Amino acid sequence: MISLKQLQVFSSIARHGNLGLAAEELFLSKGALSQALAELERRLGNPLFDRVHPRLQLNAQGRQLQPLAEEVLSRITDIEHLFDDSAEPSGTLRLGASQTIGNYLLPRLLARQPGLQARVCITNTHNLCEMLARFELDMALIEGENYHPALVTQDWLSDEMLIVTHPNHPLTRQRTLSLAQLEHYDWVLREPRSGNREQFDRELLPRLGTLGNMLELNTLESVMQAVEQGLGLAFVSRRAAQDRLATGRLVVVDVNIQLSRTLRLAWHKQKYHSALQRRFISFCLQQGQG
């Protein structure tokens, strides 16, 4: 009979691709993990991983088992807390968030749910989608496009995008500009594959002509701090820049065009939604309607 421990071991190794990290997560020795995995593979009559040193990579059989194992483990967590005195779902939610959401929206969401336990990873949309596909996260809040066929998304919030700069930048002396007038100016941009950069490359870059110097940074906060130091123009979310705009540390460069995007909730198509995850999704959607 397949045991709960074997499924836990399989699930952890599948997510981490590494015996050492899985052993740390489960508080077991590498030997105990190897033994449990070997017994599971023996009972199923198939190997579940390709051994590509130093990693264990899921093979076709492992990929078939992964969503089923994740669902069983999530359902067991729900059962364990089914008759808790508290009406609140228990457990820990593994959340991912892209930069604007993770730094400027998610803290407020979590503050409104003080009982929620969460482990949060903040990185760009491309990385989050890859993590969701490997079941490393329960869900993610993303600002870029999802191109991964294994994932589904739910529209959440609208977001306005702005071109901003230092208040003493030469362009701030003009009230309204065209995009063509931004040619040859320096820019501070997010890294490729971030949702922010994908939108810049898709909607602005073809209309800007030749850029001046370009500085790439992999966090939104560092982008805005660089612009505060006079290093160029940036393309950022109003939600992220609102405090700096209110205090005059950054100003909007008005190019007389509307640029928007949709923030989304994302998860794996085959991901079982635990009671905790269902409650968090419902809460997020309620906040989006407010």
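A: Let's follow helix H1, starting with its partner H3: Lys5, Gln6, Val9, Phe10 and Ile13 of H1 meet Leu33, Ala36, Leu37, Glu39, Leu40 and Arg43 of H3. Contact here stands for heavy atoms within 4.5 Å, and the element names come from DSSP runs numbered from the N terminus, with helices (H or I) of at least four residues and strands (E) of at least two. By class, this contact holds 7 nonpolar, 1 polar and 3 charged residues. Nonpolar covers Ala, Val, Leu, Ile, Met, Phe, Trp, Tyr, Cys and Pro, charged covers Asp, Glu, Lys and Arg, and the others, Gly among them, count as polar.

A word on the model before we go on: it is predicted, so local features need pLDDT of at least 70 and side-chain atom pairs count only at pLDDT 80 or more, while totals for chains, interfaces and linings use all residues. Residues are numbered from 1 along each chain as its sequence is written, and side-chain values use heavy atoms, leaving out hydrogens and water.

Now for the geometry. The axes of H1 and H3 (residues 30-44) come within 9 Å and cross at roughly 105°. That makes H1 roughly perpendicular to H3. Axes are lines fitted to C-alpha atoms, for helices over the stretch in contact, and angles between N-to-C directions run from 0 to 180 degrees. Under 35 degrees is roughly parallel, over 145 roughly antiparallel, 65 to 115 roughly perpendicular, and the rest oblique.

H1 (residues 4-16) also packs against H2 (residues 19-26), with axes that come within 8 Å and cross at roughly 130°. That makes H1 oblique to H2. On the H1 side, Gln8, Val9, Ser12, Ile13, Arg15 and His16 take part, meeting Leu19, Leu21, Ala22, Glu25 and Leu26 of H2. This contact has 6 nonpolar, 3 polar and 2 charged residues.

The largest pocket has a volume of about 680 Å³. Of its 24 lining residues, Arg15, Leu73, Thr77, Thr92 and Arg94 are the closest to its centre. H1, H2, helix H4 (60-80), strand S3 (92-97) and helix H10 (275-289) each give two or more residues to this lining, and the largest share, 6 residues, comes from H4. The lining divides into 7 nonpolar, 9 polar and 8 charged residues.

On a 1 Å grid over the protein atoms alone, where a 1.4 Å probe must fit, a pocket is an open set of points with protein on both sides within 12 Å along at least five of seven lines, and lining residues have an atom within 4 Å of a point. Grid points are joined across faces, edges and corners, and volume is the space filled by probe spheres set on them.

The second largest pocket has a volume of about 330 Å³. It is lined by 16 residues, with Ala14, Leu58, Arg63, Gln66 and Arg134 closest to its centre. The elements giving two or more residues to it are H1, strand S2 (55-58) and H4.
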